[in-house]
Amino acid sequence: MRIAIIGDGISGLHLALRLQQLDIDVTLFGAKAPEAVRNGRALNFVARSGGTRRREELLGLDLWASPDTLAEARTVTVHGPEPLTFRADPDPAYSMVDFRLYLPVLVEEYVARGGRHLVTPLTARTAHDAAGDHDLVVVAGGRAAGELFPRDPERSPFDAPQRVLCGGLYRGIGESVPHSIEFHVMPGVGEVLRMPFHCADGHVDVLGLEAVPGGPLDPLCRTPYDADPAHFHSVVLDALHRYVPDLRERVDERAFALNRPADLVQGGVVPVVRRAWRALTDTTYALAVGDAWIVNDPITAQGANLGSHCALEVAEAIAAGPPYDDAFCRAAEERMRPYAESVVQWTAAFLRPPTPQLLELFRAADADPSVAAAFATNFDDPPAMWHSIAAPERTAAFLAHVRSRSEGPDASDSSVPLPSSASAAAGTPRTPQWADLTARPS
Ligand SMILES: Cc1cc2nc3c(=O)[nH]c(=O)nc-3n(C[C@H](O)[C@H](O)[C@H](O)COP(=O)(O)OP(=O)(O)OC[C@H]3O[C@@H](n4cnc5c(N)ncnc54)[C@H](O)[C@@H]3O)c2cc1C
């Protein structure tokens, strides 16, 4: 069997590396040579979760283990009339490495292990050509490549960007907690994220502003950098002063600057869920993974981690053997769906004004470290996260369970058992649940 993978981001690479391990004939197509990726613009700032790091271990990747590249702590602060702050540390730590370093190293590792990597950007037409030589085409080419697959209106929670992003790599920002991610929520305004990051120039900080469109932070996020860098820096500092004064106080004005002009990402993503597969020819099918299938707003830091998760699910499905027909594609989609659906729902919930149960959960985490720890654990377990915030009674059950465990004999286990599948956990039939979400005003 011969598998073509179009796209050499994290989704395509994790899939290619796994298929290679399983001795399956695979060709990986990319749009750029590794050197061009290294020297290119930042496209994202990815925190790789414990789950992704475990998959990397399975793939035999031993990457950037030094403490400087890890985030071991996380603070969540809600600003506004009822301010609160709590620690929700990731365990294991997140790996914070620029994808302009990470992806080329993975390509080189795959090639060093004997893999075929062709720098040939495939179009819809050439994807059909690839189909001629392969038994299955996996499309992992990111957001743009997703256009091969129609949008699924029932499952797509939004049809426009829900945040205006202005994220960059900066120098001159101090941490209140060492090696920490800090996440600030300003209801109605947006979010501010600061996290340590390892890039080609060494240690920097990601500073991400996420503005609610039309809100007071929106115009600041659209301020251009190139025309007047000094003005841009002063706009960012003013925003910090106004919305996150504690963070502003930790900025050393003499050192504060964007690391490089190419280290800035501005714009917005449209969260979208697409059909996961389609026929390319009478006998060959294309299956989408990663952003080609589902695009999430970065607010929950899940897109790349979801792509990695789905890549390994698809690898196991492929390893079970042909035929790679419509039944195979449907089964592969069902395999990826519960986890992916939880990410989409959870991310949509964080993009909307906070629900009463989410605020209740935050207040409980503020008051009780065992709740904060369970909330932190759920960042790496999207079905559990969505289960804990989907409805007031589920949040109440989650809190009751965590508290009973923390008072009980085995106080160290804060995990909460879930029903056997995420859709069972959601407790309502799948389609109406998604339809409800899309019907709600955003
Ligand atoms: C500002 C920002 C911050 C983010 N932070 C996080 C985070 O903290 N954690 C997280 O998990 N996610 C995060 N994300 C989301 C994450 O970046 C994406 O979900 C993830 O990179 C998707 O990976 P992918 O491999 O599916 O697609 P991509 O990363 O888009 O990779 C696709 C690859 O395919 C190649 N390609 C494209 N078209 C073709 C073609 N026609 N032929 C051949 N090759 C092609 C591209 O060159 C690229 O290398 C963030 C996103 C943004 C914008």
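## A walk through the fold and its ligand shell

Between strand 5 (84-87) and strand 6 runs a loop, and Pro-92 sits in it; here helices (H or I, at least four residues) and strands (E, at least two) are DSSP runs, numbered from the N terminus. Pro-92 is joined to Asp-91 by a cis peptide bond, with omega at about 5 degrees. Before going further, please keep in mind that this is a predicted model, in which local features need pLDDT of at least 70, side-chain atom pairs count only at pLDDT 80 or more, and totals for chains, interfaces and linings use all residues. Residues are numbered from 1 along each chain as its sequence is written, and side-chain values use heavy atoms, with hydrogens and water left out.

Let us step on to strand 6 (residues 94-95), where Ser-95 is placed. Ser-95 has a relative accessible area of 1%, so it is buried (under 20% is buried, over 50% exposed and in between partly exposed, with a 1.4 Å probe and protein chains only). Beyond its neighbours within four places in sequence, Ser-95 is in contact (heavy atoms within 4.5 Å) with Val-46, Ala-47, Arg-48, Arg-53, Thr-69 and Leu-70.

Pro-323 belongs to the loop between helix 10 and helix 11 (326-351).

Trp-64 is not a glycine, yet its phi is positive at about 40 degrees. Its place is the loop between helix 3 (50-58) and strand 3 (70-71), and Trp-64 counts as partly exposed because its relative accessibility is 23%. His-179, also a residue other than glycine, has a positive phi near 50 degrees. The loop between strand 9 (164-171) and strand 10 (180-186) holds His-179, which is partly exposed at 25% relative accessibility.

Now turn to the ligand. Its shell holds 27 residues, of which Asp-8, Ser-11, Leu-122, Asp-291 and Ala-304 are the closest; a residue counts as near if one of its heavy atoms lies within 4 Å. By class, this shell has 14 nonpolar, 11 polar and 2 charged residues, where Ala, Val, Leu, Ile, Met, Phe, Trp, Tyr, Cys and Pro are nonpolar, Asp, Glu, Lys and Arg charged, and the others, Gly among them, polar. An N or O atom in the side chain of Asp-291 is 2.8 Å from an oxygen atom of the ligand. Backbone N or O atoms also lie by ligand oxygen atoms, at 3.1 Å for Ile-10 and 3.3 Å for Gly-303. On its own the ligand has 1,000 Å² of accessible area, and the protein covers 85% of it (areas come from the Shrake-Rupley method with a 1.4 Å probe; for residues, only the protein chains shown count as cover). Helix 1 (10-21), strand 2 (25-30) and helix 10 (303-319) each give two or more residues to the shell, and helix 10 gives the most, with 3.

Finally, stand back and view the whole. The protein chain has 17 helices and 18 strands. Its radius of gyration is 22 Å, close to the 22 Å that the globule rule gives for 442 residues, so the chain is as compact as a globular protein of that length (taken over C-alpha atoms, the rule being 2.2 Å times the number of residues to the power 0.38). Buried residues make up 55% of the 442 residues.

Definitions and conventions:
A polar contact is a pair of N or O atoms within 3.5 Å; within protein, one must be able to donate a hydrogen and the other to accept it, and residues adjacent in sequence count only if both atoms are side-chain atoms.
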